[in-house]
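I opened this notebook to record what I looked up about rings and their surroundings. The entries follow in the order in which I made them.

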Amino acid sequence: MGFLEKVYDESPILFQNIMASVSGYQRNMTRYGKFYDEYMKFLADFDTWSLERKLEYQRAELIKFIRYAYENSPFYQKLYKNIDIDSVKGIEDLKRLPIVDKEMLRENIDRVITIPHKGAVEGHTGGTTGKSLVVLNTIEDSMKRMAMLDHFKARVGFEHRTMKRATFNGKHIVPPQQKENVFWRYNAACKQMIYSSFHITENNMKYYVESLNKYKPQAIDGFFMSMCDIAGYIERRNIKLEFIPIAIFPTSETLTQSGRELLERVFKCKVFDQYASSEGAPFVTECPNQTPHIELASGVFEHLEEGSDEVLVTSFTTHGTPLIRYRIGDSMKFADKKASCTCGIQAPIVLEIQGRRLDFLYTSDGAKINAGNVSNLFKNMPNALIRAQAVQDKIDEIIIKLEVDKTLYKPEYDKILKDEFLHKFGIGTRIIIEHVDEIPREKSGKFKLIVNNFRGGGQL
Ligand SMILES: [Zn+2]
């Protein structure tokens, strides 16, 4: 444990709030500044451009970015040594350049990076081996990415740093020895109340809701499953909320349709999702109509090959660790080029995103049932379920762990759930229901609906 963590843990909560704010102000220095302000203005203007003008801008940025990587990154210089990069004049020419996969990036990371460590902004990402990979970003790119996110929120009426937000994340803000039921800390730098995802238990939930009612956030962001936990509790207990947020912005988890509906029902506002990875992928954001659009200023998405949904990304905000035709592991389906949205923003529409984080279960004959479908199986359950997790250790067996509200749950509900699963998975799969006091969370603080330990299973 570092010195600061030790001081933090042993300080009173009031002082911990001050420390959270100080570190918030420090972080803001790499996130907000000249580049941020300029880019916010640019993005507001960019939204009004025609599609042709945007595509032309994207093309010019692409050419500039490839040239930059070639001149500044020893890795790309070698990779492109037999290629005339001047012959790449648009997206259709990108196929002349080799694909970069995660393993190549990890093995060569020191030669990919173009900037000194000092003064750079670190980003972390999980490599294929599960080891975290550190990518470096320039301050300018880091500010531009922040602007991209804030602009996406501003479109639906939320103004970052002037309005109050509640964030559910994996930060360790509650010291282990704490006795008070205070599972949040205030970061004044961003008008942000940070709620711990690690302490959301049935017994603690009332304190979270009390705090939210007192704080009255104008937006809620962070871990999707943590928000769903809170929303589920509010609905089960029929608690009156004393605020209506402008919007909810989940991050870093794949959304389920039923979870999204739950949040919108309970908080009485819309959920807006976005796609951008920690490696620095280009953005896909939902417009005020909740239609996902590609943010053409942020980079290029291509399909791996004809007929495949897997995408390659080229991201214009990765000057520190350039990503060109990077095989990020996610899949997307794009709408027909002629499709348009009534929001007025002219940008390609994404029909479906399948993140690599999307977990699945197997049927006994090896078919995959993804998390979205699994979560739907719980939809018809009476309102007594706190949390559920499906665990697969063997191909023909699924264990469903249930955390239930004992005052509301009736034994026959088990059968309803079992039937739902049997209908989806078939009689070849044994469904076992286990009632547990608490389903453990991941080390990151995230909650997983599916744990697939079956060989070859788990995450894509
Ligand atoms: Zn739209």
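I looked first for charges over rings (NZ of Lys or CZ of Arg within 6 Å of the ring centre and within 35 degrees of the ring normal), and I found Lys164 over the face of Tyr215, at 5.0 Å from the ring centre. Arg161 likewise lies over the face of Tyr32, at 3.7 Å from the ring centre.

I note that this is a predicted model, in which local features need pLDDT of at least 70 and side-chain atom pairs count only at pLDDT 80 or more, while totals for chains, interfaces and linings use all residues. Residues are numbered from 1 along each chain as its sequence is written, and side-chain values use heavy atoms, with hydrogens and water left out.

I then turned to aromatic pairs (ring centres of Phe, Tyr and Trp, the last by its six-membered ring, within 6.5 Å; planes under 30 degrees apart are stacked, over 60 edge-to-face, the rest tilted), of which the structure holds 29. Phe42 and Phe46 make a tilted pair, 5.4 Å centre to centre with 35 degrees between the planes, and both belong to helix 3 (residues 34-46), 4 residues apart, about one turn of the helix; helices here are DSSP runs of H or I, at least four residues, and strands are runs of E, at least two, numbered from the N terminus.
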